[in-house]
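The sequence and the structure are shown first, and the description follows.

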Amino acid sequence: MKMPKPGEKAKAAFTAIVPGDPAITLRPMFGNLAAFVNGNMFAGLFGDGMFVRLPDVEAAKVKGGRPFEPVKGHRMGGYVMVQDDWQSKPAAVKPLVIRALTITRAMPAKSKKPAAAKKKPAKR
């Protein structure tokens, strides 16, 4: 399956919505762009669409939201796609990003995995 890529307009809109906090990092994720706090993802782009991390009970109440399914039929629990017109209505989705950040910031920080040891070539 080919992953959708966000356009420059979506990247700029997403970057403008994510708070400017030194603890937040923006980095590529599967060819898209995602926001992390303490190593945990709290929001991101999937093509030109945006998703946020919310408990399922809150995600069900997001106006215009739908389940985040990066692969059709395989829902990614704990995340919801926001309304399709999010780029033209940033004020409507900013509270969702802030809520996702608050929830994710309270999670334990992810520790960095140690680098894998290089394997020596087998002797013949």
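## A buried tyrosine and its aromatic partners

Tyrosine 79 has a relative accessible area of 6% and is therefore buried, since residues under 20% count as buried. The model in which this residue is found is a predicted one. Tyrosine 79 belongs to an aromatic cluster that it forms with Phe46, Phe51 and Phe68.

Four aromatic pairs are counted in the protein. In one of them, the ring centres of phenylalanine 51 and phenylalanine 68 lie 4.3 Å apart with the planes at 10 degrees, so this pair is stacked. Phenylalanine 51 sits in strand 4 (residues 49–53), while phenylalanine 68 sits in the loop between strand 5 (66–67) and strand 6 (79–81); the pair thus links distant parts of the chain, 17 residues apart. Phenylalanine 51 is buried at 4% relative accessibility, and phenylalanine 68 is buried at 3%. Phenylalanine 51 also pairs with tyrosine 79: the centres of these rings are 5.7 Å apart and the planes stand at 80 degrees, so the arrangement is edge-to-face. Because phenylalanine 51 lies in strand 4 and tyrosine 79 in strand 6, this pair ties together parts that are 28 residues apart in sequence.

## Overall architecture

The protein contains three helices and six strands. Read from the N terminus, the order of these elements is α-β-β-β-β-α-β-β-α. Along the principal axes, the C-alpha atoms fill a box of roughly 60 × 35 × 30 Å. Of the 124 residues in the protein, 36% are buried.

## Salt bridges

The protein has a count of six salt bridges. One of these joins the side chains of glutamate 8 and lysine 11, at 3.2 Å from N to O. Both residues lie in helix 1 (residues 8–17), and because they are three residues apart there, about one helical turn separates them. Glutamate 8 is exposed at 59% relative accessibility, whereas lysine 11 is partly exposed at 29%.

Another salt bridge brings together the side chains of arginine 75 and aspartate 56, at 3.0 Å from N to O. Arginine 75 is in the loop between strand 5 and strand 6 and aspartate 56 is in helix 2 (residues 56–59), so the contact ties together parts that are 19 residues apart in sequence. A further bridge, at 2.9 Å from N to O, is made by the side chains of arginine 66 and aspartate 84. Here arginine 66 belongs to strand 5 and aspartate 84 to the loop between strand 6 and helix 3, so parts that are 18 residues apart in sequence are tied together. Arginine 66 is partly exposed, with a relative accessible area of 36%, and aspartate 84 is exposed, with 64%.

## Loops with positive phi

Most residues other than glycine have a negative phi. Phenylalanine 30, by contrast, has a positive phi, near 55 degrees. Phenylalanine 30 is located in the loop between strand 1 (24–29) and strand 2 (32–37), and it is exposed, with a relative accessible area of 60%.

Asparagine 38 likewise has a positive phi near 55 degrees. Asparagine 38 occupies the loop between strand 2 and strand 3 (40–46) and is partly exposed at 33% relative accessibility.

## A patch of positive charge

On the surface, Arg27, Lys110, Lys112 and Lys113 gather in a patch of positive charge. Lysine 112 counts as exposed because its relative accessibility is 81%, and the exposed class begins over 50%.

How values were computed: Residues are numbered from 1 along each chain as its sequence is written. This is a predicted model: local features need pLDDT of at least 70, side-chain atom pairs count only at pLDDT 80 or more; totals for chains, interfaces and linings use all residues. Side-chain values use heavy atoms; hydrogens and water are left out. Patches are made of residues with over 30% relative accessible area and no salt bridge: like charges are joined within 9 Å, nonpolar side chains (Val, Leu, Ile, Met, Phe, Trp, Tyr) within 5 Å. Accessible areas come from the Shrake-Rupley method with a 1.4 Å probe; for residues, only the protein chains shown count as cover. A salt bridge is a side-chain nitrogen of Lys or Arg within 4 Å of a carboxyl oxygen of Asp or Glu. Lys and Arg count as positive and Asp and Glu as negative; His and the chain ends are not counted. The place of a charge is taken as NZ of Lys, CZ of Arg, CG of Asp or CD of Glu. Buried means under 20% relative accessible area, exposed over 50%, partly exposed in between (1.4 Å probe, protein chains only). Rings of Phe, Tyr and Trp (its six-membered ring) pair if their centres lie within 6.5 Å; planes under 30 degrees apart count as stacked, over 60 as edge-to-face and the rest as tilted. Helices (H or I, at least four residues) and strands (E, at least two) are DSSP runs, numbered from the N terminus.
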